[in-house]
Amino acid sequence: MSVAGEFVASGRAVLIKAGSFTLFTLRLARVAPALVLRRPGLVVEQVFNTGALSLVIIMMSGLFVGMVLALQGYDLLQRFGSTDALGSATGLALLEELGPVITALLFAGRAGTALTSEIGLMNATDQLSAMEMMAVDPVRRVCAPRFVGGVIAMPLLAAIFSMIGMFGAQLVGVTLKGVDAGQFWSQMRGSVDLKDVDQGIIKSLVFGLACSAIAVYEGYHAVPTAEGVGRATTRTVVTSSVAILILDYMLTAVLL
Amino acid sequence: MTDPSTAAPAAGPAPFVRLEGVGYEVAGRTIFDKLDITIARGRVTAVMGPSGTGKTTLLRLITGQIRPSRGRITVDGEDLALLDTDGLYRLRRGMGMLFQNGALLTDLDVYENVAFPLREHARLPEPLVARIVLMKLNTVGLRGAARLRPAELSGGMARRVALARAIVMDPKLLIYDEPFAGLDPIALGVVLRLIRDTNDALGLTSVVVSHDVQEISLLADYAYLLSGGGVVAAGTPAELARDASPVVHQFMGGLPDGPVAFDYPASDYAEQLLGAEVPA
């Protein structure tokens, strides 16, 4: 096949996959409201699996991201003699950008891969076929609760990440570098308003939608072999990470 | 032997499943050319054939998991081609299927696996669910294993749990995919007895896909032998055992030489070895 032919073929394959993903996500979105109302227990279980089980990694990362942010921020602000602004800088950076983005990247790596491999293995071991034979729609019973659970868990995790990050920034900025605690917190409270918090929430909700949909889609459509599930899991991390960064730019451009 | 083109347990009760002129192709390969099969109501019907003849594909066609390329399939009087997804799910509520590996849900224990269809389709009070589940588990002799996880079960136990789950909604049709594969003689005997007893006690229709000739001879009321994309023989196991046609004789006797090739087609053996030819 010529280079042009291969280019056309891969473009076609990308379009087909994008169409399939869109239809699958719409199907998830269609069954989600009824699921939340009728089977809230299934959703709560998945919020626990995707959210609570990711807490340690989110808190650890949040702490160190906040600490390094304060360290770098202090070094930079010191050059302009405005170290008092450290609280504003770290607060805004965490709430608007780093909280949602890094949480989503960690979510894709921890919860996203777990979702893909779980659903992929269920498919490989005929569990999804068995459900279909029991007249139970696997998309409704398996995929939708995990999708909704991920969407709910992401903003909660991002909020915890940002909160722990601020604590880490305070630890380095105030305790280690000697920035005045009153200045640190009052500057942060003065410069962060509800719009900034909203921006973080909107971003993490969109990232939650994207990451959960990608993870569930890849698991459900994984080739039912060990290699197929492995490849699907890799695709989940790669696609989610790229999607997060692209969506982040688009959302920032709109919301700023 | 009955002529496969007209094969049907005609003297028996009305058919539960009927395949008429069914063809199925996938990725340019013909799995079935023209398949005519009748599954009689209330009987245990076996579908046998060498590996790769499409026995599991046949089950997927009967259950509507895949659509035939041509021909007509009716189950309990309903044409599968005319059913949408909801219609298929409604029909499947009257079916139970036992997968080769059991296909138990690995995040649920034995009790919850058996209770799963009840919880999904019926809003029953918990004491009633418990009674039904325990009765079905008792039927397969695993009432005491209710709280074990699927990973803690042997292959035979997993299949018995799957059988309990398959009958928990009291289906009219029960389908078994290779129920004897990999079982030790005791488990095999138990599963064999369970299939027969379940069919007779509950008044079901059973379809058993297998290539275990001896077990099928003991179990089935009627059997079809598939090969080369169609039915090559049909009749009672005793009739098939007496059949002298080469394909049936080779399969029923477990003979390596005959019309069904054991070796996959390949280039000349000596030439390939002497030329150290790497398979393309």
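Reader: Let's begin with contacts between residues at least 6 apart in sequence: what share of them in chain A join residues at least 24 apart?

Author: The idea is to ask how far along the chain the partners of a contact lie. In this predicted model, the share for chain A is 87%.

Reader: Which elements does chain A have?

Author: Nine helices and zero strands. The C-alpha trace spans about 65 × 50 × 30 Å along its principal axes, and 44% of the 256 residues count as buried.

Reader: Which residues is Ala32(A) in contact with, leaving aside neighbours within four places in sequence?

Author: Ala144(A), Phe147(A) and Val148(A). Those three are in helix 6 of chain A, where they meet helix 1.

Reader: At what angle do helix 1 and helix 6 of chain A pack?

Author: For a helix pair, look at the angle and at the distance between axes. Here the angle is about 85° and the axes are 9 Å apart. Angles of 65 to 115 degrees count as roughly perpendicular, so helix 1 and helix 6 of chain A are roughly perpendicular to each other. By class, their contact has eleven nonpolar, no polar and two charged residues.

Terms used. Residues numbered from 1 in each chain as written. Chains lettered and ligands numbered in written order. Predicted model: local features only at pLDDT ≥ 70, side-chain atom pairs only at ≥ 80, totals over all residues. Helix = DSSP H or I, 4+ residues; strand = E, 2+ residues; numbered from the N terminus. Buried ≥ 20, exposed ≤ 12 C-beta atoms within 10 Å, placed from the backbone. Contact = placed C-beta atoms within 7 Å. Axes fitted to C-alpha atoms, helices over the stretch in contact; angles between N-to-C directions. Parallel < 35°, antiparallel > 145°, perpendicular 65-115°, else oblique. Nonpolar A, V, L, I, M, F, W, Y, C, P; charged D, E, K, R; others polar.
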